[in-house]
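Please look through the structure below with this briefing beside it.

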Amino acid sequence: MTSSTNWIDLSRDADTGIETLRAHFKGHAYDPHWHPSYLVGLTEQGIQQFNCRKQKVQSTPGKVFLLEPGEMHDGESIRQDGFTYRMLYIDPEWLEQSLSGLFEQVPVGYIPGFDTTLSQDPQLAQAISDAFEILHYGEIRMVKQSAIDTLLATLTRHVAWRANTQQSGLNLTLAERAREYIHAHMYENIGLDDLSAVLDTDRFTLTRAFKQRFGQPPHTYLVQLKLTHARLLLAKGMLPIDVSTIVGFADQSHMGRWFRKAYRLTPSHYRKLCLQR
């Protein structure tokens, strides 16, 4: 994607499923949204400002930003020259399995997390940059695997093992139960009245609880969930018109409006970029 001020270059590694993205934005970049992936990125130029974990942070050149799956964030530039960054979108299951191989003992029922959103770690920044170049532009498998191993080994210094509440058997909160229902019925045209009836509460209590737990109302979460599934299907080569039907948007233009708002790409362009590599 290119414009007079902004551009995006995206690729997807077939072996690991890691998406690599390098982009430049001036002014407003992204509305609040989340990803099902771990985001590991590096600011190259300018000041990259975003809200995450109820804090406004600024990433400057050389700083690393680390986001967990589901963490709401936005993006904007506060300087006229904009900002440039490179980022890796890493599948949670792949990351958990890969990191487990680097630890002698991994706590049972725990998942990796990040204690901080920003880090000034030159070694990690270099590892991210190297892995990006090798994955984005393609290399022989051994070179690729070596770069990934170096990235993971460096990343472990920033990993904190956290209890996986979905596996721990703990009682789920109202918001967490609502999220589970949304995931189970994401392809349907569910309403707040359906959700509140299932959970035996009222719509206002449900929305307040959901926003407090996940930083967004249920309808925003549902749209983002549909978009993340749309990305997966588009990356496999499925046509946007078919994807919009499968994930439950009204039509292709409806999905396209939300897709552009969240990712600054059209579904067709995203599909093309994924298939080109």
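The model is a predicted one. A search of the whole structure finds 1 cavity of 30 Å³ or more, and the salt bridges come to 12.

**The cavity**

- The largest cavity has a volume of about 210 Å³, and among the 22 residues that line it, Tyr-30, His-33, His-73, Tyr-85 and Met-87 are the closest to its centre.
- Two or more lining residues of this cavity come from each of strand 3 (28-33), strand 5 (48-52), strand 7 (64-67), strand 8 (73-77), strand 9 (83-90) and helix 10, with strand 9 giving the most, namely 4 residues.
- Sorted by class, the lining of the largest cavity contains 14 nonpolar, 6 polar and 2 charged residues.

**The second largest pocket**

- The second largest pocket holds about 300 Å³ of space, and its lining is made up of 17 residues, of which Asn-189, Ile-190, His-219, Leu-222 and Val-223 lie nearest the centre.
- Helix 6 (192-199), helix 8 (218-235) and helix 10 (252-263) each supply at least two residues of this lining, and the largest share, 5 residues, belongs to helix 8.
- The lining of the second largest pocket divides into 10 nonpolar, 5 polar and 2 charged residues.

**Salt bridges**

- Side chains of opposite charge can pair when their charged atoms come close.
- Glu-19 and Arg-12 form a salt bridge in which the closest N and O atoms are 2.9 Å apart; Glu-19 counts as buried because its relative accessibility is 3%, under the 20% limit, whereas Arg-12, at 25%, counts as partly exposed.
- Lys-144 and Asp-13 also meet through their side chains in a salt bridge, with 2.7 Å from N to O.
- This pair links distant parts of the chain, since Lys-144 is in helix 3 and Asp-13 is in the loop between strand 1 (7-12) and strand 2 (19-25), 131 residues apart; both Lys-144 and Asp-13 are buried.
- Arg-86 and Glu-44 make a further salt bridge, with an N to O distance of 2.5 Å.
- Because Arg-86 lies in strand 9 and Glu-44 in strand 4 (residues 38-45), their pair ties together parts that are 42 residues apart in sequence.
- Arg-86 has a relative accessibility of 9% and so counts as buried, while Glu-44, with 25%, counts as partly exposed.
- Arg-86 and Glu-44 also belong to one network, in which salt bridges that share partners join them with Arg-22 and Glu-133.

**A nonpolar patch on the surface**

- Ile-140, Met-142 and Val-143 make a nonpolar surface patch of about 310 Å².
- Ile-140 is found in the loop between helix 2 (122-137) and helix 3 (141-155), and this residue counts as exposed because its relative accessible area is 55%, which is over the 50% limit.

**Backbone angles in two loops**

- Most residues other than glycine have a negative phi, and most peptide bonds are trans.
- Asp-200, although not a glycine, has a positive phi of about 60 degrees; Asp-200 sits in the loop between helix 6 and helix 7 (203-214) and is exposed, with a relative accessible area of 72%.
- Arg-264 is not a glycine either, yet has a positive phi of about 60 degrees, and its place is in the loop between helix 10 and helix 11 (267-276).

- Glu-176 and Ala-209 are 33 residues apart along the chain, and their C-alpha atoms are separated by 9.3 Å.

Methods:
Residues are numbered from 1 along each chain as its sequence is written. This is a predicted model: local features need pLDDT of at least 70, side-chain atom pairs count only at pLDDT 80 or more; totals for chains, interfaces and linings use all residues. Side-chain values use heavy atoms; hydrogens and water are left out. Patches are made of residues with over 30% relative accessible area and no salt bridge: like charges are joined within 9 Å, nonpolar side chains (Val, Leu, Ile, Met, Phe, Trp, Tyr) within 5 Å. Accessible areas come from the Shrake-Rupley method with a 1.4 Å probe; for residues, only the protein chains shown count as cover. A salt bridge is a side-chain nitrogen of Lys or Arg within 4 Å of a carboxyl oxygen of Asp or Glu. Buried means under 20% relative accessible area, exposed over 50%, partly exposed in between (1.4 Å probe, protein chains only). On a 1 Å grid over the protein atoms alone, a cavity is a set of points where a 1.4 Å probe fits but cannot get out, and a pocket is an open set with protein on both sides within 12 Å along at least five of seven lines; lining residues have an atom within 4 Å of a point. Grid points are joined across faces, edges and corners, and a volume is the space filled by probe spheres set on the points. Ala, Val, Leu, Ile, Met, Phe, Trp, Tyr, Cys and Pro count as nonpolar, Asp, Glu, Lys and Arg as charged, and the others, Gly among them, as polar.
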